[in-house]
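The following exercises treat selected features of one structure, each with a worked solution. Please consult the sequence and the model while reading.

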Amino acid sequence: MFKKILIANRGEVALRVIRACQELGIATVAVHSTADADTVPVHVADENICIGPPPVTKSYLNTHAILTAAKLTGAEAIHPGYGFLSESETFARLVRKSGLVFIGPSEDHIARMGQKAEARKTMKEVGLPILPGSPDMLPDAESARRVAAEVGYPVLLKAAYGGGGRGMRIVRKEEELEAAFLQASAEAANAFGDGGMYLEKFIENPHHIEIQILADRHGSVIHLGERECSIQRRHQKLIEESPSPFLAPDRRSQMCELVRQAIAKIGYEGAGTVEMIVDEERRFYFMEMNTRLQV
Amino acid sequence: MRLSDFRDMLCSALNLLGDGPGRVEISDGSRRVRVGRSSADRDEPQAGEPVNPLRTAGPSAALAVPAGVIVRAPAVGIVSFRDQRTDKPFAVIGQTVTQGETLAFITSMEITTKVVSPRAGVVEEVFVEDGDGVEYNAPLLKILPSA
């Protein structure tokens with residue numbers, strides 16, 4: 001067990017991690033910007049250290065400041081919480097290289113799951129069904145047209161590094177494909193700095209189900225049940241419901257168990273959220289995975 | 001004007017005022033801080049009351065008591081007050097420094113940030129030791145600006 005952990009986050013996220021550490025008898029270090037000096041996690045943590053001015057790029061996203069703070073305070077591990085650096089492959093690697101423990105998945109898992117086409121390929125190999133679609137990134141609209149003809153319309157174009165509905169287009173007819181591809185790719189390049197696209201079969205009236213998993217470094221994996229996340233507005237979840245009223249108990253346990261086994265096979269460590277899409281016949285497919293706890 | 005500058009001036013003024021009654025006003029040219037404390041038995045000093053010339057401070061005395069400027073850590077890291085090539089100290093108490101002169105370095109992992117004097121003046125106080133770990137914005141030294 002660690003003796004001291006630095007929490008590279010703020011607010012409610014940091015507070016939850018600090019309280020968990022207190023229950024386990026682990027000393028905590030809170031980092032803060034000058035703007036957050038007088039906040040609850042800073043007062044509740046055993047130690048606190050100011051890492052920068054208010055802009056997050058100079059404080060909570062400043063990997064050097066956070067690593068220096070960990071060294072100065074003698075913390076053995078860094079918990080990133082969620083948001084900020086929690087899904088940064090670079091940060092996870094820097095933490096490990098400076099001799100500390102990143103409390104979360106390996107940089108390799110963060111990198112693979114952060115890239116959606118790569119994530120689908122990885123999960124397909126370990127037995128999760130994936131939607132028919134492009135196995136790799138699509139270099140241009142013409143290759144998108146070829147894949148779409150194979151899987152059948154409607155198709156969904158998605159940005160490889162996307163999220164929140166940006167860089168995403170439903171295409172119902174072949175003649176709409178090229179324009180949609182170019183628009184979505186440009187949108188993704190603007191929003192995420194990468195215009196890479198892939199496509200998959202579009203499911204009408206889909207259900208969006210998320211399963212949270214926890215894995216330790218000894219290969220033990222548990223799932224924490226599913227959440228029905230289908231009620232969305234503009235691709236953002238409005239409410240989550242658990243258990244999902246759409247799934248019968250046997251379907252639910254089959255799905256959760258398959259996810260649990262897949263996570264064990266890829267040697268994942270830490271908390272993670274697996275997003276699944278379920279069609280009207282209750283067939284389920286892996287969509288993507290967030291390499292952090294579920295929010 | 002930054003709130004921290006104001007706080008530093010206020011601290012300097014309160015130090016000058018001490019524990020007794022009186023009034024102190026300090027200024028660094030563009031900014032002025034005035035503090036006062038009445039004695040226990042009355043609220044306002046009476047007209048014509050003799051005042052301690054060292055403590056008083058009207059507009060004329062203001063420039064005579066310049067506030068020290070606190071130089072703060074620009075990054076979290078290890079502070080070094082010595083030139084790494086020559087091993088000579090950049091600044092010691094009582095030394096005159098020019099504006100922009102290097103006073104220290106802060107090392108955060110492999111990144112080194114230079115700390116320069118914001119004003120010409122004299123090093124009045126050094127708050128941390130060479131080799132200490134400091135957090136962002138920690139006071140490093142105090143410069144008493146010249147003129």
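**Exercise 1.** Locate A:P243 relative to the neighbouring elements of chain A, and determine the state of the peptide bond from A:S242 to A:P243.

*Solution.* Step 1: A:P243 belongs to the loop between β12 (236–237) and α9 (249–265) of chain A; helices (H or I, at least four residues) and strands (E, at least two) are DSSP runs, numbered from the N terminus. Step 2: the bond from A:S242 to A:P243 is cis, with omega near 0°. Step 3: a cis bond, again with omega near 0°, also leads from A:Y153 to A:P154. A:P154 is placed in the loop between α7 (141–151) and β6 (155–163) of chain A.

Two conventions apply throughout. This is a predicted model, in which local features need pLDDT of at least 70 and side-chain atom pairs count only at pLDDT 80 or more, while totals for chains, interfaces and linings use all residues. Residues are numbered from 1 along each chain as its sequence is written, chains are lettered from A and ligands numbered from 1 in the order in which they are written, and side-chain values use heavy atoms, with hydrogens and water left out.

**Exercise 2.** State the domain assignment of chain A and the separation of the centres of domain 1 and domain 3.

*Solution.* Step 2: taken over C-alpha atoms, the centres of domain 1 and domain 3 of chain A are separated by 38 Å.

**Exercise 3.** Describe the surroundings of strand β13 (residues 270–278) of chain A: is the strand buried or exposed, and which strands pair with it?

*Solution.* Step 1: nine of the nine residues of β13(A) are buried, so the strand is largely enclosed by the rest of the structure. Here buried means under 20% relative accessible area, exposed over 50%, and partly exposed in between (1.4 Å probe, protein chains only). Step 2: strands pair if DSSP finds at least two bridges between them. Strand β9 (residues 207–215) of chain A runs antiparallel to β13(A) and is joined to it by nine bridges; A:A215 has A:G270 as its bridge partner. Step 3: six bridges connect β13(A) with strand β14 (residues 284–290) of chain A, also in the antiparallel sense, and A:M276 stands opposite A:F286.

**Exercise 4.** Characterise A:R282 by its location, backbone, accessibility and ring contact.

*Solution.* Step 1: A:R282 lies in the loop between β13 and β14 of chain A, a hairpin with five residues between the strands. Step 2: A:R282 is not a glycine, yet its phi is positive, about 65°. Step 3: with a relative accessible area of 33%, A:R282 is partly exposed. Step 4: its charged end sits over the ring of A:F246, 3.8 Å from the ring centre; the criterion is that NZ of Lys or CZ of Arg is within 6 Å of the ring centre and within 35 degrees of the ring normal.

**Exercise 5.** How many aromatic pairs occur over all chains, and how is the pair of A:Y60 and A:F84 arranged?

*Solution.* Step 1: rings of Phe, Tyr and Trp (its six-membered ring) pair if their centres lie within 6.5 Å; planes under 30 degrees apart count as stacked, over 60 as edge-to-face and the rest as tilted. Step 2: A:Y60 and A:F84 are stacked, at 5.3 Å centre to centre and 15° between the planes. A:Y60 is in the loop between β3 (47–52) and α3 (63–73) of chain A and A:F84 in the loop between β4 (77–79) and α4 (89–97) of chain A, so the pair ties together parts that are 24 residues apart in sequence. Step 3: A:Y60 is buried at 0% relative accessibility, whereas A:F84 is partly exposed at 27%. Step 4: the centres of A:F91 and A:F102 are 6.0 Å apart with planes at 80°, so this pair is edge-to-face.

**Exercise 6.** Which residues lie nearest the centre of the largest pocket, and which element gives the most to its lining?

*Solution.* Step 1: on a 1 Å grid over the protein atoms alone, a pocket is an open set of points where a 1.4 Å probe fits, with protein on both sides within 12 Å along at least five of seven lines; lining residues have an atom within 4 Å of a point. Step 2: the largest pocket has 42 lining residues, and A:G163, A:G164, A:H208, A:E275 and A:E288 lie nearest its centre. Step 3: β6(A) gives the most to this lining, with five residues.

Conventions. Domain bounds come from an automatic or database domain assignment.
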